[in-house]
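Work through these exercises with the structure open. Each task is followed by its solution.

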Number of protein chains: 2
Amino acid sequence: MFTKILIAEDEDSDNLGIVSAVSEFTNTSVDTAQFCDKTILKIKEAIHKGNPYDLLISDLSFALDYKRHTITTGKQLIEEVKKIQPAIKIIVFTGEKKPAIIKSFFANHKINGYVCKGLYGLPQLINAINAVDQGHTYTCPVSKDALHQKNVLQLDTYEVQLLKLLAKGYKQDEISQYFIENDITPNSRRSIEDKIRKLRDDFNAKTNIQLIYTVNQLGLID
Amino acid sequence: MFTKILIAEDEDSDNLGIVSAVSEFTNTSVDTAQFCDKTILKIKEAIHKGNPYDLLISDLSFALDYKRHTITTGKQLIEEVKKIQPAIKIIVFTGEKKPAIIKSFFANHKINGYVCKGLYGLPQLINAINAVDQGHTYTCPVSKDALHQKNVLQLDTYEVQLLKLLAKGYKQDEISQYFIENDITPNSRRSIEDKIRKLRDDFNAKTNIQLIYTVNQLGLID
DNA sequence: GAATCCCTCGTGGAAAACCACAAGGGATAG
DNA sequence: CTATCCCTTGTGGTTTTCCACGAGGGATTC
């Protein structure tokens, strides 16, 4: 079983609940951090002392306080941790339920488990810890659904840029000009029109307004 | 001091943390519910037994499980509770930080305190309990900022309907038709154009796309 | 090398949205 | 009662977006 667990969770109320539940169910040393930077620091220190963490349980969104932080999101945190200690196991424990985001964490960050906070988040988190300990990956029911959803469109960089400019109030002509100035292709007015039309089709949107509303709700242009 | 406190929070991890913190800091009976319906039930039972709750600490968003629930949001919950027991004190404890939403809770629901979950949510919640106990209202630093923000535009019902239809892909002609069919005025194509233009001005949006993106980000058309 | 496919891009016309001007009607103040 | 203001609506013309057709170019296949 894991012998050293680190929990990264910024909200103190949640932090308290998670730590007490995990401590009780696993008889291991549980440590905690409320900031991403602090999490990195603890992981580095533990390695330095020759007693590294086995498992990181991390949230995805972190509050910013008055201090300067170099790392501010769970995504960045996980990338950084993987660089420092590639073998560490990671379970994401978060309120984020958007399929596109959950998929990308398994695809791009090779996490070992994903549990959505909710009515039964804690028992699921315990299950996740057990499963990951035995070398499996774990997905809670909600995230399992998300992973099995078909037609979860992933957008490429070009499309995200295009949508963001639309959301920022750029006209098609202005987007064309912007793309030309920044050497992004295709950049003709006409091609941008086509790209937008394709996105409208993909997301079953009748208007560009609905398109932007939809991708925004899906969390694809944050 | 309060003698009977009820906490409504659906996420078990958070629930655990809040209950243990509140129990520890106040030496009172703390009860908890994970669903809105259950919360209403407990409040009714307590009244029936002649021993009602003094204080409700409630989240705003609640998960839906497989069961049918009649009440599904914190907003509805608070409205219902106020009907049953108008004198009960209410503190909202939530992750929601959007100024428009915070303002509307004080303006329309006469809550006694608002605390945003975060790094120091629990000590702030304790402060809120003390303040409300002494007959004051309490706002945490984040929500205090929100309440003091100028230019937080509140939309009326008509505007919200209009924006929602736009977000759903309706053309201006279709919106006009919809309004005519549903006896909503003004409903001429031309007036709808004007209303949209006014909203664009209010939110400094160059296009309708940007308008919908903006109000969506502000949480005004949920 | 020829056929095919896909992506980019231009053109022109239709549809939708935008905007300035102004008429009519209801509410209000004097 | 009248003048004024504001809201709604119509009209006509411009801008923006939409869309069907087709040309050119690069990559792949046979």
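**Exercise 1.** Find how many bridges join strand β5 of chain B to β6(B), and how the two strands run.

*Solution.* Strand β5 (residues 113-116) of chain B is joined to β6(B) by 2 bridges, and the two run parallel. Strands pair if DSSP finds at least two bridges between them. Strands are DSSP runs (E, at least two residues) and helices are runs of H or I (at least four residues), numbered from the N terminus. Now take Tyr114(B): its bridge partner in β6(B) is Thr139(B).

This is a predicted model: local features need pLDDT of at least 70, side-chain atom pairs count only at pLDDT 80 or more, and totals for chains, interfaces and linings use all residues. Residues are numbered from 1 along each chain as its sequence is written, while chains are lettered from A and ligands numbered from 1 in the order in which they are written.

**Exercise 2.** Which residues does the contact take from each chain, and which element of chain A gives the largest share?

*Solution.* Contact means C-beta atoms, placed from the backbone, within 7 Å. Chain A gives 34 residues and chain B gives 34 residues. On the side of chain A that touches chain B, α1(A) has the largest share, 9 residues.

Note on methods. Two residues are in contact if their C-beta atoms, placed from the backbone, lie within 7 Å.
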